[in-house]
Amino acid sequence: MSEINITKTIDARGSYCPGPLMELVKAIKRGQVGDVYELLSGDSGSAKDVPEWVNKMGHELVYCKEDEGFWRIAVRKTK
Amino acid sequence: MDQPKLSVILLSGELEKLQAGCLVGSVASMSGMEVNIFVTMEALRAFRKDVINARDFKTAGEVGREMLNKKVDLFYQLLENGKEMGNLRVFGCAMAMDLMGWQKEDLIDLFDDVIGVTAFLGKAAGSQVIVM
């Protein structure tokens, strides 16, 4: 498996819906194509909501996995 | 292809309804929809600068009260984010403003315009509509 270079990790733990998604959207909007943003979220809805948003907007979901008590979701900006 | 459109009509001054309507609107805007929000009746009062400064919101029950106790971005902050990250506009109801003698300066700096219902219907044409 090739290594994933995370451009920036956004720690949105402690923030309620839709806070984590908003933090990610802000980062992607300001970022460059090819950047990978890793979102940390304690809001369990994020695990369903963020991939849905990524799919809808045509970006790439790198992974969405549960860590100890929170979620790690990585997204590559594709456009 | 036309951008899909959503209209949100905020009537209630209850925090839970304001929060739900603004949450749907802001996320829709971040997801590429054109969003128009019409704020009227008691909902308009919640957008007054003095009301927001005092956090003087009506709550329907425990969810709203907990929202005020915890660090949650409230309805007007959700709309600010929706505007920043997408195509979202907010309109105040001219009738309610006239009736109450309120000026645009009494409201927080979030409103694109104060308009009547005919003008809003024009903006809402062909959209999904949510009423809160």
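The model is predicted.

**Stop 1: the interface.** Select chain A and chain B together. On chain B, 14 residues are in contact with 12 residues of chain A. The two chains bury about 1200 Å² between them. Carbon and sulfur atoms carry 67% of that area. Now pick out Met30(B), Ser31(B) and Met85(B). In chain B, these residues lose the most area to chain A, together 43% of what that side buries.

**Stop 2: the salt bridge.** Show side chains for Arg30(A) and Glu84(B). They meet in a salt bridge, at 3.1 Å from N to O. The count between chain B and chain A is one salt bridge. Polar contacts between these chains come to four residue pairs, with both residues at pLDDT 80 or more.

**Stop 3: the chain B side.** Colour helix H1 (15-30) and helix H5 (75-85) of chain B. Each supplies at least two residues of the side that touches chain A. What is the make-up of that side of chain B? Its residues divide into six nonpolar, five polar and three charged.

**Stop 4: the core.** Move on to Phe47(B) and Phe75(B). These residues have the most contacts inside the largest nonpolar core, a set of 57 residues. Next, select helix H1 (residues 19-30) of chain A. This helix gives the largest share of the core, six residues.

**Stop 5: around Phe75(B).** Centre the view on Phe75(B). Leave aside its neighbours within four places in sequence. Phe75(B) is then in contact with Leu15(B), Leu18(B), Gln19(B), Cys22(B), Ala46(B), Phe47(B) and Phe57(B).

Note on methods
Residues are numbered from 1 along each chain as its sequence is written. Chains are lettered from A and ligands numbered from 1 in the order in which they are written. This is a predicted model: local features need pLDDT of at least 70, side-chain atom pairs count only at pLDDT 80 or more; totals for chains, interfaces and linings use all residues. Side-chain values use heavy atoms; hydrogens and water are left out. Contact means heavy atoms within 4.5 Å. Buried area is the accessible area (1.4 Å probe) that two parts lose on being put together, summed over both. A salt bridge is a side-chain nitrogen of Lys or Arg within 4 Å of a carboxyl oxygen of Asp or Glu. A polar contact is a pair of N or O atoms within 3.5 Å; within protein, one must be able to donate a hydrogen and the other to accept it, and residues adjacent in sequence count only if both atoms are side-chain atoms. Helices (H or I, at least four residues) and strands (E, at least two) are DSSP runs, numbered from the N terminus. Ala, Val, Leu, Ile, Met, Phe, Trp, Tyr, Cys and Pro count as nonpolar, Asp, Glu, Lys and Arg as charged, and the others, Gly among them, as polar. A nonpolar core is a set of buried Ala, Val, Leu, Ile, Met, Phe, Trp, Tyr and Cys residues joined through side-chain atoms within 4.5 Å. Buried means under 20% relative accessible area, exposed over 50%, partly exposed in between (1.4 Å probe, protein chains only).
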